[in-house]
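Hi,

Here is the structure I said I would pass on. Have a look at it first, and then read my notes below.

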Protein chains: 2
Amino acid sequence: MATKDNVTIADIAQRAGVSASTVSRVLSGTTHVAEAKRDAVLNAVTALNYQPNVFARSLASGQSMIIGVLTQNFGSPFYDAIMQGVVKGLTGTDYFPIFADGQWQAAIEVEAVQAMLRRQIDGLVVLGGFLGYKEVKQLIGDIPLVMVVNRANGYEVNSIFIDNVEAAYLATRHLIELGHRRIGHICGRLDHPDARDRRLGYLKALEEAGIQPDPELVIEGTFRRQSGVLALEMLLSRGKSFSALFAANDQMAFGARLALYRRGIRVPEDVSLVGFDDEPVAAFMIPPLTTMRQPAIELGLEAARFMLARLKGETIRPARLKAELIVRESTAISR
Amino acid sequence: MATKDNVTIADIAQRAGVSASTVSRVLSGTTHVAEAKRDAVLNAVTALNYQPNVFARSLASGQSMIIGVLTQNFGSPFYDAIMQGVVKGLTGTDYFPIFADGQWQAAIEVEAVQAMLRRQIDGLVVLGGFLGYKEVKQLIGDIPLVMVVNRANGYEVNSIFIDNVEAAYLATRHLIELGHRRIGHICGRLDHPDARDRRLGYLKALEEAGIQPDPELVIEGTFRRQSGVLALEMLLSRGKSFSALFAANDQMAFGARLALYRRGIRVPEDVSLVGFDDEPVAAFMIPPLTTMRQPAIELGLEAARFMLARLKGETIRPARLKAELIVRESTAISR
DNA sequence: CTGTTAGCGCATTCAT
DNA sequence: ATGAATGCGCTAACAG
């Protein structure tokens, strides 16, 4: 550490006329210390601008006070918002977040987790990704794990997520209420529980409306933009007609939008389009995209809250959050 | 640290039949050690799956082996790509990056830097932002500082950046070659050197083409999307005509695009549009946006390379990278 | 080349 | 309530 942080606990002990242990005590607040000594210590701390050495502290205490956060894409506004929530939820506490990027690749996720482990994280928050709860748990051992966004099958008590079935149901129902009967669906990767849940919600809405689902109107994508392009081309090549499309995320909706543009198919005049995630760009698309908004910052905050409780040994159950339909011009025209 | 990493240097010393110092030596590679002992140590390390304790190491060595990376927005694909570059440039080394988000707000930047400082970072990489070299330097003291993207005035030797004047010149010249004469420019915040350089490049291209610059065709934005919307509305309310627009970044170009759409002005038929940054969405806009691509990953890699050199006490000068014009349909039609 | 000896700065016993 | 002593795991200066 190039910064000379010479001032140590011993210095302030001397200046305050107490022992180092006492200083340590008032700093950690573990034991009662006489008012007078307490004040003397605190004064010395500010006077000398004392900064505790995190390494010495961690070495002695066995706690790193670091929370690892594994995201999938630093560049995604949605994950960004969650991370902001986590940061916000952690500020004011003694915990500090470190971030790693799994890039939607299981192998990289594993590496990233291991790298964080080497930094002795006290807890791990996983945002999205393909690693299941058990797999991650196996990597990290006993340290607390919180999964966000994608629910951990069978470990829902340690997961922060929205009701995806309900959300997809609402999105699809919106299209039905607009008068659509032939509604296509671009799924996410079906090895992903979110993708399965959203398809379920889509089917549930159709069923409720008495619409016979057409398997050929459902295409499996990868959650990536390019797969939205491909999905649309596949849909068209099948020659099936449809007047509306529900994509399992905005990225795929963007891809579909571009493919429609290239084919000269107008949105919303010819086809209505609904996405999922409410990425910032959705509001700035041409035309602006109707989409489901996940309360991203709140998810992050809740993850932090839950993690802190776990770290303190408390057992709380995570709050369940809801997605909200944001209606924009991509579904403006009813038929 | 909930993970019981009981196996220490002493354990492997015992198993290898050497002293702890010798173990430390083969691990750090600072001194030559006899082949036989070396192998014995290495074997013990793998046999016992030894993981060094970073805190003990840092406490003893005085080096954290942590590089702080201050970005402005985890959610920006451009900064994301730079961070990826930094990560890539650091993997394989003993250094580990930690990230903080300044959110394009000087006060938050300062806080973030201080939080990282508390983590005893050995070096700091600053991506973008409003803090100047001197200001950051004042915060961090003697530890190496590398500025990326925005050049540090007078400290160019410690900055990784592209030639913004040249880049903006190329963008504007592209429009001129298409036949445009009345070309508007949406600047970034002019307290930012990049914004000033890009305006300079814009003016340079006009001058070279013998086009009299019209101050009313130049609007100062904030680099944010919304300011692109406002800039366009201001341009229109001034009643000046223009057939092309060069925005100092893609975000503002997106905003301008939306405002044009709302006014019923077509791109590129009525107005050609050029952005800057080549954010992924640019390729998926309607129509796809012509823009300048900064070599983001390479910037990150170069930053890491430069930082590592500085850390080793070497003095190298940073490579200068170039932006590249990506021509898409938003400037498809010449006039 | 290698073992021995000291700390790094702090938390945490153990006494008092 | 508080000081003294001990150790967290490792590196580095000191001898040989």
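Predicted model: local features only at pLDDT ≥ 70, side-chain atom pairs only at ≥ 80, totals over all residues.

Let me start with the DNA. Around DNA strand D there are 24 residues, the closest being T22(A), R25(A), A34(A), I9(B) and Y50(B); a residue counts as near a strand if one of its heavy atoms lies within 4 Å of it.

Residues are numbered from 1 along each chain as its sequence is written, chains are lettered from A and ligands numbered from 1 in the order in which they are written, and side-chain values use heavy atoms, with hydrogens and water left out.

- A34(A), through a polar backbone atom, at 2.6 Å
- S19(A), through a backbone N or O atom, at 2.9 Å
- N53(B), through a polar backbone atom, at 3.4 Å

The largest share, four residues, comes from α4(B). (Helices are DSSP runs of H or I with at least four residues, and strands are E runs of at least two, numbered from the N terminus.) By type, that surface has 10 nonpolar, 10 polar and four charged residues, with Ala, Val, Leu, Ile, Met, Phe, Trp, Tyr, Cys and Pro as nonpolar, Asp, Glu, Lys and Arg as charged, and the others, Gly among them, as polar.

Now the protein–protein side. Chain A and chain B each put 53 residues into their contact, meaning heavy atoms within 4.5 Å. About 4700 Å² is buried between them, 65% of it from carbon and sulfur atoms; that is accessible area (1.4 Å probe) lost on putting the two parts together, summed over both. There are zero salt bridges between the two chains (Lys or Arg side-chain nitrogen within 4 Å of an Asp or Glu carboxyl oxygen). On the side of chain A that touches chain B, the elements giving two or more residues are α4 (54–61), α5 (77–90), β2 (96–101), α6 (106–118), α10 (225–237) and α11 (250–263). Of these, α4(A) gives the most, with five residues.

Cheers

Terms used: Polar contact = N/O pair within 3.5 Å; in protein donor to acceptor, adjacent residues only side chain to side chain.
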